[in-house]
Amino acid sequence: NTNLQAFQKKLTAFSKNYFAAVLKEWQEQDPNKKAIDFQLYIRPFTRAHYNAAYPWGHYTNLENIYQLTLLALIILLIACVNYILLALTNTVSRSQEVGIRKTMGADRKHIIWQFLTETQLLVALAILVGLVLGVTALPLFNAITGAGLDLSLFSYTDFILASVILFVL
């Protein structure tokens, strides 16, 4: 419930008082610039964050966010369809294998244990391949999107802990 015009006047006075040295140096470098050219102003955060307007140096382009979200959804859709098709084609051969194993005398526990072990090995391999691909593709991702993601923010224990949690889940 603040009066924006009154607050803007206070910001102008604040900038004249606390940025006087900067303004003086600015005018010495370029005599055509006036103190009025330098001011603090108010704008909504969404306009500052999603808008490339001067003088905000960093902004997020919503178009890039939408493109990356759409790309992720397309990749997930392809992965789901691929998994369903592979699972359906694999069902026939797996049912034959289960039938042969039951004929050979395998218990239900042994068959379940085999399926769980195979699944966990496949998940472990997928996590390992995913980590390797993620680490090697990060520079390309940063170059394409202009992001500054860096793996130094995470320790090895973070990676190992996340991998173990993902593996268990």
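Helices here are DSSP runs of H or I, at least four residues, and strands are runs of E, at least two, numbered from the N terminus.

Quick housekeeping. This is a predicted model, with local features needing pLDDT of at least 70 and side-chain atom pairs counting only at pLDDT 80 or more, while totals for chains, interfaces and linings use all residues. Residues are numbered from 1 along each chain as its sequence is written, and side-chain values use heavy atoms, with hydrogens and water left out.

Zooming out for a second, the protein chain has six helices and zero strands, so reading along the sequence you get α-α-α-α-α-α. Of its 169 residues, 8% are buried, meaning under 20% relative accessible area, with exposed being over 50% and partly exposed in between (1.4 Å probe, protein chains only).

Back to α5. Which of its residues are buried? They are I111, Q114, I127, L138 and N142. The buried residues of α5 pack against α4 (62–103) and α6 (156–168), where contact means heavy atoms within 4.5 Å.

Let me pick out N142, which sits in α5. N142 counts as buried because its relative accessibility is 16%. Leaving aside residues up to four places away in sequence, N142 touches A147, G148 and L149. And just after α5 ends, G146 takes a positive phi of about 80°.

Now, how do α5 and α6 meet? Their axes come within 10 Å and cross at roughly 145°. On the α5 side the contact is made by Q120, V123, A124, I127 and L131, and on the α6 side by F159, S163, L166 and F167. By class, that's seven nonpolar, two polar and no charged residues. For the record, the axes are lines fitted to C-alpha atoms, for helices over the stretch in contact, and angles run from 0 to 180 degrees between N-to-C directions. As for the classes, Ala, Val, Leu, Ile, Met, Phe, Trp, Tyr, Cys and Pro count as nonpolar, Asp, Glu, Lys and Arg as charged, and the others, Gly among them, as polar.
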